[in-house]
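Hi there,

Here is the structure I promised to pass on to you. Have a look at it first, and then read my notes below.

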Amino acid sequence: MQTRSMQTREAKKWVDRAIIAVLLLMGILMLMPFFWLFSMSFRPAAEAYKMPPSFFPPSFDLSNYQTVLESSVPFLKIYWNSLYVAVLVTIGQLVTCTLAAFAYARLRFPGRDSLFFVMLIGLMFPAQVTILPIYLGYAKLGLLNNPIGLVLMGLTSSFGVFMLRQFLRSQPKELEEAALMDGAGYFKIFWRISLPQLMPALGALAIITFTGAWNAYFQPRALITSQDSMTLPIAMDLLRGYMSQGNLSVVMAAMSMAILPVVLLFLVAQKMVIEGVTFSGIRA
Amino acid sequence: MATRRLSDLRKAQMQAGYVFVLPSILLYAAFVLAPVAITIILSFTYYDISFGADWVGFENYVRFLTEPRSLEIFWNTLRFAFLAVSFNVAVGLILALALNRAMPTFMLYFFRLAFFLPVIISAAFVAVVWSYFYSVDFGVINYYLAQLGIGQVPWLSSSKFAMTSIVIMDVWKNTGFFMIILIAALQGVPKPIMDAASMDGASAWRRFSRITLPFISPVLFFCIVFASIGALQVFESIMILTGGGPGDSTRSLSIYLVDEAFGSFELGYAAAVSVIMMILVLIITIIQIIGSRRWVRE
C-alpha cells in the first residue's frame with residue numbers, strides 16, 4: 001500500500017514535469033513573433049528573406065533603424081503624435097474620471113444616480129456606432145487629420161469613472177467625515193483625502209488608458225489620412241510599402257520602436273498591467 | 001442657526017457634485033450620447049455630405065437584409081466570432097488548468113510574459129508580422145511545413161484558408177487574456193473539496209467535470225460574453241492580414257462599415273450597419289445580464 005502510493009506520487013511528479021515542459025515550449029512559441037521581429041530589425045535588408053528564418057539577431061546592426069528615421073515617411077513625427085495622443089488622453093482621463101468618481105462615490109446631489117446610470121450605459125456602445133457623427137462633426141470643425149481630434153474624443157471614459165467610483169466606495173469614509181466636521185471644503189477633501197486613497201487605482205487606469213490609446217486603430221484610421229497626423233498603428237500600413245521593395249528589416253526596425261513603450265511597461269510593471277487589463281475586461 | 005448651516009452644507013455639496021461631474025458628462029454627451037443618437041437618425045436617411053439628409057425610412061435596413069453581399073459579410077462576422085470565441089476560451093481554459101500549480105516565481109513571470117504579451121500589443125502591429133509568417137513563398141510557416149514535406153499553403157490568398165488563418169492569429173493574440181481570468185477563477189476552487197474527492201478516488205476528469213467546471217462556470221460564461229463582444233467588432237487584424245479578401249471571404253461588419261462610409265460615402269447605409277452591430281452587442285449584453293442572474297441564483 002505504502003509503495004503503491006509512493007509510486008503514484010512519483011508518477012504524478014513526472015506528469016507535472018511533462019506539463020511544465022510542454023508549457024515552456026508553448027511559451028517560447030508564443031514569443032517567436034517577437035523574437036523574430038527584433039532579430040529581423042538587426043539583419044541587413046539583403047538577408048531579410050534568407051531561410052531558415054533566424055529568431056536571434058546575428059549582429060547588432062543599427063542601420064535599419066537609421067533607414068527608418070531617414071526615410072520619406074515622417075516616422076519621428078508619427079511617433080511624437082502617438083506619444084502626444086496617448087499621454088494627453090491618459091492625463092485627461094485621470095482628471096475627468098477622478099473628479100466624477102469622487103462626486104458619484106462621496107457626494108449627494110439630485111440626479112446623481114441617474115447621471116451615473118447614463119454614464120454606465122456608455123460601456124455598451126461599440127466604437128463603430130459613434131464614429132460617423134464624430135467624423136462629420138470633425139469635418140465641420142476642421143479636426144480631421146489632427147491628432148487633437150483623437151485627444152478630445154478620448155478625454156473621458158465610462159469605464160474610468162466606473163472603475164474609480166467602485167474603488168473609492170471600497171475605501172473608508174471616516175477621514176472625510178472628520179475633515180468635513182473641521183470645516184474643510186469639498187475640493188480640499190477631494191485633494192487631501194480621496195485622491196491619495198485612489199492612487200493604486202489611478203496607476204492601473206493610467207496603464208490601461210495609455211496602452212489603449214497607443215494601440216488604437218479603428219478611430220484613427222477613420223479620422224486621419226495624412227502622414228503628418230498619423231499615429232503608429234495606422235502608419236504601419238504605410239511602412240509596409242517597404243515590404244514590397246524587400247526592405248522587410250526596415251519595417252521590423254520601425255515595428256520594434258513602435259511596440260517598445262508597451263513592452264517596457266509590461267516588463268517593469270507586469271503584475272499591474274495584467275491586473276489592470278483583466279480588470280478592464282471585468283466591467284459589466 | 002444649526003439648520004441654516006446644514007442646508008448651506010447641502011447646497012455646497014450639491015454645487016461641488018455638479019462641478020465635479022461636469023467635465024466628464026459634457027465630454028460623454030458630445031462624444032458618445034449625441035453620436036449614438038445621430039447614428040440612429042442617420043440610419044434612416046440617405047445622407048449626402050453636400051446636400052444633406054433625405055428621410056428614407058427602413059430602406060437601409062431592408063437593403064442590408066436583402067443584399068447577398070451584406071448577408072455574406074454578416075455571416076462571416078458571426079462565423080469568425082464563433083470560431084474565435086470557442087478557441088480563445090477553450091485554449092485559455094486548457095492553459096489555465098495546466099498553469100494552475102505551484103511553480104517557482106521566475107517561471108510564473110515567464111509564463112505570464114509569454115502568454116500575456118500578445119494581449120497588450122496592438123493587433124495592428126503584430127498582424128504585420130503574421131502577414132509575413134503567412135506569406136506563401138517567403139513565409140516562415142510554409143518554410144517549416146516544407147521541411148515536414150507538406151506543400152505550400154495559401155494561408156491568406158485562398159478563400160478556403162483565409163478565415164482560419166485570421167482565427168489562428170486571433171487565438172495567439174487573445175487567449176492569454178482568458179487564461180489569466182480563468183487562473184484567478186481556478187484559484188477560487190475550494191481545495192478541501194478537491195482533496196476530499198481525490199481521497200475518495202475520483203478521477204481527474206470527474207473532479208474537473210463535477211467540481212471545477214460548475215465552480216468556474218460563471219467566469220467561463222463571462223469569458224464567452226466578453227470574447228463575443230470583442231470578436232463581433234474585429235477590425236484591425238483582418239484589415240492588415242487580408243483587407244477583407246479574397247473576395248469578401250473575410251470581410252467583417254466593421255470593415256464593411258468603414259468601406260461603405262469612407263470608400264463609397266454611403267453614410268446613411270453605413271449608419272444602419274453600425275446600428276445592427278450595436279444591436280448584436282446589446283443582445284449579447286442582455287443575455288449576459290439574464291445569464292448572470294441565473295448563475296447567482298443557483
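Here is what I found, starting with how to read the model.

This is a predicted model, in which local features need pLDDT of at least 70 and side-chain atom pairs count only at pLDDT 80 or more, while totals for chains, interfaces and linings use all residues. Residues are numbered from 1 along each chain as its sequence is written, and chains are lettered from A in the order in which they are written.

Confidence: pLDDT is the predictor's confidence in each residue, from 0 to 100. Chain A averages 86, and 94% of its residues score at least 70.

Where the chains meet: 65 residues of chain A are in contact with 73 residues of chain B (contact means that C-beta atoms, placed from the backbone, lie within 7 Å). On the chain A side, helix α1 (residues 2-41) gives the most, with 11 residues. Helices here are DSSP runs of H or I with at least four residues, and strands are runs of E with at least two, numbered from the N terminus.

Around Leu164(A): leaving aside neighbours within four places in sequence, Leu164(A) is in contact with Cys97(A), Thr98(A), Ala101(A), Leu198(A), Ala201(A) and Leu205(A).

Three residues link β1(B) to β2(B) in the hairpin, and Asp48(B) has Gly52(B) in β2(B) as its bridge partner.

Enjoy exploring!

Notes
Contact = placed C-beta atoms within 7 Å. Pairing = 2+ DSSP bridges.
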